[in-house]
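Here's a model to walk through together, one question at a time. Have a look, and then we'll start with a pair of helices.

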Amino acid sequence: MPSRFLFSIWCVLENSFVHFFIFDFLLRVTQKEGRRYLPIWLIGNGCITWIVTMLQLPGTFPLDVLVLFVFARTALTMRSAELAAPITIIFTFYTFVEGYSAFILSWASVHLYSSTGGMLEQAAITLFLDLLFFLALQTVKRKYAGALRQPISSNLYVLLFPCAMIVLGIRYGLKLDSRDVASRLSSFGAPVRLAVFLSMLAAAILVFMMIGVFCKIIQLSTQEKAVALLQSQLHGQQVYLEEAKKRNTFYSAFQHDIDNHLLVISGLLHDKLFTQAEQYTEKLRVSSTGLLMDMSTGNPALDVLLREKLSYAKRSQIAVKHDVTILGDFHADDLDLCVLFSNILDNAIAACMEKELEERLLSVSAKVKSRFLIVEAINTTNAVQPAPPGTGLKNVRQVADKYHGTMETELENGRFRITVLLCSR
């Protein structure tokens, strides 16, 4: 009993050492803030390890995977797409460590004699393999962290399948999760032992190569998306400049004629034609509506964009409502905000222009709650069913993905609603 008690303590300490590496790897790859949860993570795993060791429970590998996944999803607020690659890498490497450990310890128990019963040798071998596990995670983190934190396209999940097959092959081929692992290894002859050990070394090299290919594909996919977004942004800037030129022409014409308008009003007042002067003044007021909308969102760049877009909408006889405020604890790149709002408003204005004058309506709002920005736009439309996402909505979704947010659309009773949630950087 004392020996089992001491062995359990050693297992808890060694397991805590490994799970510290795992916790650090997850945080650094996903760039999440969660250091305050490290004590909970280590204590929780220590308790599980203590129970498993004292009761000598076999087959706890699925439990380890489940605990890590649930903890990362709940405490660290990581998404499943963020966890797929890191968890696969962690438990593939961990399986190699357990497989090598079982082989080496099995060989040492037969060929090495120790006065301590092999406890010191087991501790040294385990720590050496833990160090290799740490170095493997550090290598992946240093070379591929940037690619691994990108959202994974669904067609890339197939690259995780070989890793899963390797893990299952090693764990269930060697019975690592059963009490029969020692007898299983002892049943192998020396040539078979060597072949299996070399196969695991080859599999480890293959896994590193697959991770490299996996991350390279993600990097290429990200670069393609960045190029597409840049092209769309350049197109948007061209449209914006054309609109600004038209508006400046309108400003210049209005300013040029203002003296003549004042002369007419003065003449009407001089002739005591007050009714005609009032009517002329009202027409002048209507024609000047939308020259300069009052806009104060808290973001100067966004103020300019919204002033231009919404003024253009009003000149197009669209009823406009706006309530956009971006203050508080929310931080985002100005260009990303302008891409988001310009694409939303361009689509909304284009849809409104297809309606009759009295049915044109556009409302846009944005509020910061905690560290989240919630943007909502509603516009009238002739569409009776959702259209396939065009460049505008794809750009909006890319901005939402960049800020780990969401985009939802709804079409009902001739009104299109888009809601976007962004998380602060």
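Q: At roughly what angle do the axes of H2 and H3 cross?
A: This is a predicted model, so to speak of local features we need pLDDT of at least 70, side-chain atom pairs count only at pLDDT 80 or more, and totals for chains, interfaces and linings use all residues. Residues are numbered from 1 along each chain as its sequence is written, and side-chain values use heavy atoms, with hydrogens and water left out. Helices (H or I, at least four residues) and strands (E, at least two) are DSSP runs numbered from the N terminus, and axes are lines fitted to C-alpha atoms, for helices over the stretch in contact, with angles from 0 to 180 degrees between N-to-C directions. The axes of H2 and H3 come within 12 Å, and they cross at roughly 160 degrees.

Q: Are H2 and H3 roughly parallel or antiparallel to each other?
A: Angles under 35 degrees count as roughly parallel, over 145 as roughly antiparallel, 65 to 115 as roughly perpendicular and the rest as oblique. The crossing of H2 and H3 is at roughly 160 degrees. These two helices are therefore roughly antiparallel.

Q: How are H10 and H11 oriented to each other?
A: H10 (residues 300-315) and H11 (residues 334-352) pack with their axes 9 Å apart, at an angle of about 10 degrees. H10 and H11 are therefore roughly parallel.

Q: How many charged residues does the contact of H10 with H11 have?
A: From H10 come residues including Leu302, Leu306 and Lys309, and they meet a set in H11 including Asp334, Phe341 and Asp346. By class, that contact has 12 nonpolar residues and 1 polar one, and the charged count is 3.

Q: Is Asn15 buried or exposed?
A: Buried means under 20% relative accessible area, exposed over 50%, and partly exposed in between (1.4 Å probe, protein chains only). Asn15 lies in helix H1 and, leaving aside neighbours within four places in sequence, is in contact with Asn45, Thr49 and Tyr94. Its relative accessibility is 10%, so Asn15 counts as buried.

Q: Is Thr77 buried or exposed?
A: Thr77 sits in the loop between H3 and H4. Its phi is positive, at about 50 degrees, although Thr77 is not a glycine. With a relative accessible area of 52%, Thr77 is exposed.

Q: In which loop does His404 lie?
A: His404 isn't a glycine either, yet has a positive phi of about 50 degrees. At 36% relative accessibility, His404 counts as partly exposed. Its loop is the one between helix H12 (391-402) and strand S4 (406-412).

Methods:
Contact = heavy atoms within 4.5 Å. Nonpolar A, V, L, I, M, F, W, Y, C, P; charged D, E, K, R; others polar.
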